[in-house]
Amino acid sequence: MKKRETARTLDLSTEARIKQAARAVFYRKGFAATRTRDIAEEAGINLALLNYYFRSKGKLFEIIMLETLSDFLANIRGVINDESTSLECKIEQIAAGYIDLIRREPEIPFFLLSEIRSNAGVFFERIPIGKIVKSSVFIRQYREAAANGKIAEPNPLHFIMNFIGMILFPFIASPVLKEIGSLDAEAFDRLMEERKKRIPLWINSLMKPT
């Protein structure tokens with residue numbers, strides 16, 4: 001029995017080490033430029049062992065991204081269902097959390113686009129963002145504010161499109177923006193840090209009745 005437990009512990013430890021190594025290499029090189037050999041070297045294991053645990057680079061990438069998004073969604077769920085915070089406070093927290101996530105995991109926007117375009121049904125079964133948002137305190141607060149004349153746009157979907165666009169687009173278009181603004185990676189990162197404060201201001205301005 002002890003041998004089985006020890007083997008299982010080693011399996012979990014090796015899997016965790018591979019995931020940690022893969023995350024580091026994907027972050028440095030991006031998905032396309034990463035080889036499974038790079039991940040094996042980062043993890044300090046041979047290629048055969050990596051292939052034993054994970055069938056392919058693509059499968060490993062998918063697992064890491066889905067785990068990351070699941071953790072993020074769990075945190076966001078707490079934010080959008082907090083009865084004690086205002087709509088404005090929730091917007092600030094979501095903007096900051098989402099920007100910080102993508103700065104740590106720059107492959108996430110491209111993973112999202114790829115998965116949603118190619119396999120939307122399966123993706124939303126794994127990451128049920130629609131169900132979580134539609135039944136949230138956030139949406140209830142939004143509808144109440146719209147009904148009371150505090151928000152100009154009654155349809156929260158317009159808000160969601162504007163909000164997500166403001167957060168995601170700069171990361172997706174970062175090569176173009178860096179070229180236009182003559183920005184290096186550090187300068188672009190500072191720009192994204194600024195947006196954590198500015199996006200809530202812009203969103204609140206857009207929502208106010210004229």
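The following questions and answers cover salt bridges, aromatic pairs and charges over rings in a predicted model.

User: What are the ground rules for residue numbers and for the confidence needed?
Analyst: Residues are numbered from 1 along each chain as its sequence is written, and side-chain values use heavy atoms, with hydrogens and water left out. In this predicted model, totals for chains, interfaces and linings use all residues, side-chain atom pairs count only at pLDDT 80 or more, and local features need pLDDT of at least 70.

User: How many salt bridges does the rule give?
Analyst: A salt bridge is a side-chain nitrogen of Lys or Arg within 4 Å of a carboxyl oxygen of Asp or Glu. Under this rule the number of salt bridges is 16.

User: Which helix holds both Arg190 and Glu186?
Analyst: Arg190 and Glu186 form a salt bridge with an N to O distance of 3.5 Å. Arg190 is partly exposed at 49%, and Glu186 is exposed at 56%. Helices (H or I, at least four residues) and strands (E, at least two) are DSSP runs, numbered from the N terminus. The two residues are four apart, about one turn of the helix, and the element that holds both is H11 (residues 185-207).

User: How many aromatic pairs does the structure hold?
Analyst: Rings of Phe, Tyr and Trp (its six-membered ring) pair if their centres lie within 6.5 Å; planes under 30 degrees apart count as stacked, over 60 as edge-to-face and the rest as tilted. With this definition, the number of aromatic pairs is 11.

User: What kind of pair do the rings of Phe26 and Phe31 make?
Analyst: Phe26 is buried at 3%, while Phe31 is partly exposed at 28%. The ring centres of Phe26 and Phe31 are 5.9 Å apart and the planes meet at 35 degrees, so the pair is tilted.

User: What kind of pair do Phe171 and Phe188 make?
Analyst: Phe171 is buried at 9%, and Phe188 is buried at 6%. The centres of the Phe171 and Phe188 rings lie 6.2 Å apart with planes at 85 degrees, so the pair is edge-to-face.

User: Which residues form one aromatic cluster?
Analyst: Phe26 and Phe31 form a tilted pair. The cluster is made of Phe26, Phe31, Phe61 and Phe111.

User: Which residue lies over the face of Phe188?
Analyst: A charge sits over a ring if NZ of Lys or CZ of Arg is within 6 Å of the ring centre and within 35 degrees of the ring normal. Over the face of Phe31 lies Lys57, at 4.3 Å from the ring centre. For Phe188, at 5.3 Å from the ring centre, the residue is Lys178.

Conventions
Buried means under 20% relative accessible area, exposed over 50%, partly exposed in between (1.4 Å probe, protein chains only).
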